[in-house]
Amino acid sequence: MAVSGFEGFEKRLELHFSGDDPATGKGLRRLDFFSLEKVLHAVQCTVVSAVGNKYFDSYVLSESSLFVYPTKIIIKTCGTTQLLKSVRPFVDYGLTLGLTLCGCRYTRGSFIFPLAQPYPHTSFNDEVVYLEANLPNNLSCKKASTMNSKSCYKWHVFTACDEGCMVGGVGMHAGDLYTVEICMTELDRVLAKKFFRRFNDGKTGDSAGREMTEITGISEINKNALICDYAFDPCGYSMNGIDKNRYFTIHVTPEDGFSYASFECVGSVYDDKDEILEILKKVVKVFRHRGFIGFLTTMGSTRHKMWRGCRRLILGIAHVPQQRIEITSNSSSNLIPECDENMTPEE
C-alpha cells in the first residue's frame with residue numbers, strides 16, 4: 001500500500017426536500033449553474049461535464065458526481081474534498097425555492113489515506129458533529145452507525161429525517177426503489193492501464209473519456225443510457241449514465257498501490273432480477289478487482305427480500321475469494337443500518 005496518493009473512496013450525501021410538486025415543478029432544478037458552482041467551490045471541486053433529461057440533471061465533477069432532481073440532491077466526492085460543506089448552502093438554496101429539507105443520508109467507506117482528510121472529514125465523529133450543527137432542527141430523528149467488518153474496511157452511515165419521513169413519508173426513497181453501491185480495490189493492473197491517457201494525446205477530457213468508455217466495455221453496461229464521461233490527465237475516469245429517472249455512475253482511480261473503482265446504480269423491486277445481475281457482471285468484468293465492498297440501501301418494507309437477493313448476486317459474480325467480500329445494507333425507513341454476519345453496527 002502506498003504511503004500517500006489520491007483518495008478514491010467517495011463521501012456520499014443525499015438530501016431530500018419537500019414543498020414542491022415534482023409532477024409539475026422543476027424544484028431544485030431551478031438552481032442556476034452559478035449557484036451550483038458556488039456550492040461546489042466550498043466543497044473544492046467543479047463541474048467538468050453535464051447532461052440532463054426531463055427527470056433530472058447529471059453533472060460529472062472534478063471529483064465524482066452530482067445529481068439534481070426536483071426534490072432530491074445526490075452528491076458524491078472523492079479525494080480531499082469537503083463534501084459536508086455543501087449541506088448548509090443546499091438547505092438555504094432550497095428555502096429560496098420554497099423547499100424544506102426533510103431527509104439526509106451521509107455514507108462513506110474507510111478512507112485509504114485518512115490522515116490526508118481535512119476537517120470535517122478528519123473522523124466520523126467530527127462528521128457527525130458537523131452534520132448535527134448544520135442540519136435544520138426539523139430533522140429530529142437521527143442515527144449514526146459504523147458497520148464493522150473482519151477486514152480493515154468499515155462503512156459509516158449517518159441518517160436524519162423529520163418525523164414525517166420515519167415510515168416512508170414524503171421526501172425519502174419510494175418504497176420500491178433501492179440503491180446498490182460497490183467499491184472495488186486492487187484492480188487488475190492490465191485493465192487499469194486502460195484508464196491512463198497517452199502523453200500529449202491531443203484529446204480533450206470529453207473525447208478521451210468517450211474513448212475509455214468504449215475500450216473498457218463500460219458502454220455495454222446499459223445500452224439504453226445517455227452517457228456523460230470524462231478522462232482526467234494523466235489518469236482517472238468518471239462517468240454518469242442516465243436512463244429515464246434513474247442513473248448509474250462509475251469513478252476510477254487506476255494508480256497501482258491504491259487503485260480503486262466505484263459503481264452505483266438505482267433499481268426497483270419490480271425490475272427483472274436477471275437485468276441487475278447482468279449489469280453487475282459487466283461491471284465486474286471491467287475491473288477484475290481483488291477487494292470488494294457492497295452496500296444496499298432500500299426501504300424497510302422491501303429490505304429483507306432485496307438484501308437476500310442482492311447478497312446472492314454479489315457473492316455469485318464478485319470474482320474474489322469470499323473472505324475478501326464485505327456486503328452490508330441500510331434501511332432508510334427506520335434510520336437503523338442493518339448488516340450481515342460479517343459486519344456489525346457500532347454506535
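Trainee: How many of the residues of strand β3 (residues 57–61) are buried?

Mentor: Keep in mind that this is a predicted model. Strand β3 is mostly covered in it. The count of buried residues in β3 is 5 of 5.

Trainee: Which residues of β3 are buried on each side?

Mentor: Let's start with a general point: in a regular strand, side chains alternate between the two faces of the sheet. In β3, both faces are covered. One side holds Asp-57, Tyr-59 and Leu-61, and the other holds Ser-58 and Val-60.

Trainee: Which residue stands opposite Tyr-59 of β3?

Mentor: Look to strand β2 (residues 47–52), which pairs with β3 in the antiparallel sense over 5 bridges. A hairpin of 4 residues joins β2 to β3. Opposite Tyr-59 in β3 you will find Ala-50.

Trainee: And which residue of β4 stands opposite Val-60?

Mentor: Strand β4 (residues 64–68) runs antiparallel to β3, joined to it by 5 bridges. The two form a hairpin with 2 residues between them. Opposite Val-60 stands Ser-65.

Trainee: Moving on to the helices, are α1 and α2 roughly parallel or roughly antiparallel to each other?

Mentor: Helix α1 (residues 33–43) and helix α2 (residues 87–96) pack at an angle of about 155°, with their axes 9 Å apart. Angles over 145 degrees count as roughly antiparallel. The two helices are therefore roughly antiparallel.

Trainee: Which residues of α2 make the contact with α1?

Mentor: The crossing of these helices is right-handed. From α1, the contact takes in Ser-35, Leu-36, Lys-38 and Val-39. By class, the contact has 5 nonpolar, 1 polar and 1 charged residues. On the α2 side, the residues are Pro-89, Phe-90 and Tyr-93.

Terms used: Residues numbered from 1 in each chain as written. Predicted model: local features only at pLDDT ≥ 70, side-chain atom pairs only at ≥ 80, totals over all residues. Heavy atoms only, no water. Axes fitted to C-alpha atoms, helices over the stretch in contact; angles between N-to-C directions. Parallel < 35°, antiparallel > 145°, perpendicular 65-115°, else oblique. Left-handed = near helix turned anticlockwise from the far one by under 90°. Contact = heavy atoms within 4.5 Å. Nonpolar A, V, L, I, M, F, W, Y, C, P; charged D, E, K, R; others polar. Buried < 20%, exposed > 50% of the residue type's maximum accessible area, 1.4 Å probe, protein only. Pairing = 2+ DSSP bridges.
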